[in-house]
Amino acid sequence: MKKLTAIMLASVMAFSLAACSGDSSESTAPESSSTTTSEEAASSETASSETASAETASYDVTTVEDGKLIMSTNAAFPPYEMTNDAGEYEGIDVDMATEIANRLGLELQIDDMDFDAALLAVQTGKSDIAMAGITVTEDRLVNMDFSDTYANGVQVVIVPEDSDIASIDDLNGKVIGVQEGTTGDMYCSAAPEDGGYGEDNVTKFNNGLTAVQNLINGKVDAVVIDNAPAQEFVAANPGLKILDTTFADEDYAIGVAKGNTQLLDAINSILADMEADGTTQDIISKYINAD
C-alpha cells in the first residue's frame, strides 16, 4: 500500500464584500428611501445567488449516487482504516474521507471489502473513491486516476523476536506473508531479477491482520507491510518485532474512476485546503504519535 480552495475562498470573499456593500449603503442612504432599500434587497439577492452559483460550480461533481460519496476500503489496516469495539469505522482514511465528503456537501458511505475489490469497485463504478493506504503505481494508473499525495507510508518487515532474519537481505528463501494486491505483495512477488523474491516464496492474505496471525503461528517467516499498521500489530502481539531496515518508502493517494476529472479536481482542491488549514495534520496526529 505504497505511496486547494481558491474558488471557495473567492466565494467567501464575494459574500463578505456583498455584505460590506450592503452595510455601507444602509449607513449612507436616507432612511425614508424605499427605492434604495429595494435596490439593496435586489443587490443582496443577486449577490447571494452569485455566491451560491460559485459554490455549486466549485464542487459540481458526479458521484455514483446523488448526495453521497461512496468510499471503498479494506478496514483491516490500522491506523488508516479499522473498526472499533462498537463496529464503527475509524482511522486516518476514514476521517480524511469524512472531511472531504463534508466539504463537498455529501454524505459519506463506507463499503468494506478486500483490498483488490476496493480498487475494482472504483473502476467498475460501484464506489466514488478508494482509500486504503493506496500507493500510485504505473499499473494502477492504467485503470484509475489518483489524487495528490495526502500521507506517507513506509514498508517494513515484521519477524518473530527470535528470528534469524536481521535485514531484508535475509529474506531470500524465506516464506513472506503479504496482503494481496498491495505494493508489498507486488515487490515481494516480483522475480528475483526484478528485485523481488518470487511468487513461490510469497503467501498472500486478504488483510494484514491475517498475515500477522500466520506469522505468529509459524506459517510464514516474515510479513512485509506498512509501518503504521505494523506498529499496531507488534504492540498487540508480544514476541514480534520490526526490522530496523526500511523495505520501501511510499506515498498514499485517493483512487477515483478514470476520467472523472470533476471529482478529482475537487478532491485535490480540498486536500490542499486541509493541508493549509492544518486539518490533515490534526487527523494524522490523532492516530499516529509523532514520537
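Mentor: Helices (DSSP runs of H or I, at least four residues) and strands (runs of E, at least two) are numbered from the N terminus. The model is predicted, so local features need pLDDT of at least 70 and side-chain atom pairs count only at pLDDT 80 or more, while totals for chains, interfaces and linings use all residues. Residues are numbered from 1 along each chain as its sequence is written, and side-chain values use heavy atoms, leaving out hydrogens and water.

Trainee: Where does Pro79 lie?

Mentor: Strand β1 covers 68-73 and strand β2 covers 82-83. Pro79 is in the loop between β1 and β2.

Trainee: What is omega for the cis peptide bond that joins Pro78 and Pro79?

Mentor: Most peptide bonds are trans. The bond joining Pro78 and Pro79 is cis. Its omega is about 5 degrees.

Trainee: How are helices α3 and α10 oriented, roughly parallel or roughly antiparallel?

Mentor: Axes are lines fitted to C-alpha atoms, for helices over the stretch in contact, with angles from 0 to 180 degrees between N-to-C directions. Helix α3 (residues 92-104) and helix α10 (residues 279-287) have axes that come within 9 Å and cross at roughly 150 degrees. That makes the orientation of α3 to α10 roughly antiparallel (over 145 degrees; under 35 is roughly parallel, 65 to 115 roughly perpendicular, the rest oblique).

Trainee: Which residues of α10 meet α3?

Mentor: On the α3 side, the residues are Ile92, Asp95, Met96, Glu99 and Arg103 (contact means heavy atoms within 4.5 Å). Their partners in α10 are Thr279, Thr280, Ile283, Ile284, Lys286 and Tyr287.

Trainee: How many charged residues are in the contact of α3 with α10?

Mentor: Ala, Val, Leu, Ile, Met, Phe, Trp, Tyr, Cys and Pro count as nonpolar, Asp, Glu, Lys and Arg as charged, and the others, Gly among them, as polar. In the contact of α3 with α10, five residues are nonpolar and two are polar. The number of charged residues is four.

Trainee: How are α3 and α9 oriented to each other?

Mentor: The axes of α3 and helix α9 (residues 261-276) are 10 Å apart. Their packing angle is about 110 degrees. The two helices are therefore roughly perpendicular.

Trainee: How many nonpolar residues does the contact of α3 with α9 have?

Mentor: α3 contributes Met96, Glu99, Ile100, Arg103 and Leu104, and α9 contributes Leu263, Ala266, Ile267, Ile270, Leu271, Asp273 and Met274. By class, no residue is polar and three are charged. The nonpolar count is nine.

Trainee: What is the distance between the axes of α9 and α10?

Mentor: α9 and α10 pack at about 75 degrees, and are therefore roughly perpendicular. Their axes are apart by 4 Å.

Trainee: Which residues of α10 meet α9?

Mentor: α9 supplies Leu271, Met274 and Glu275. The contact divides into three nonpolar, two polar and one charged. From α10 come Thr279, Thr280 and Ile283.
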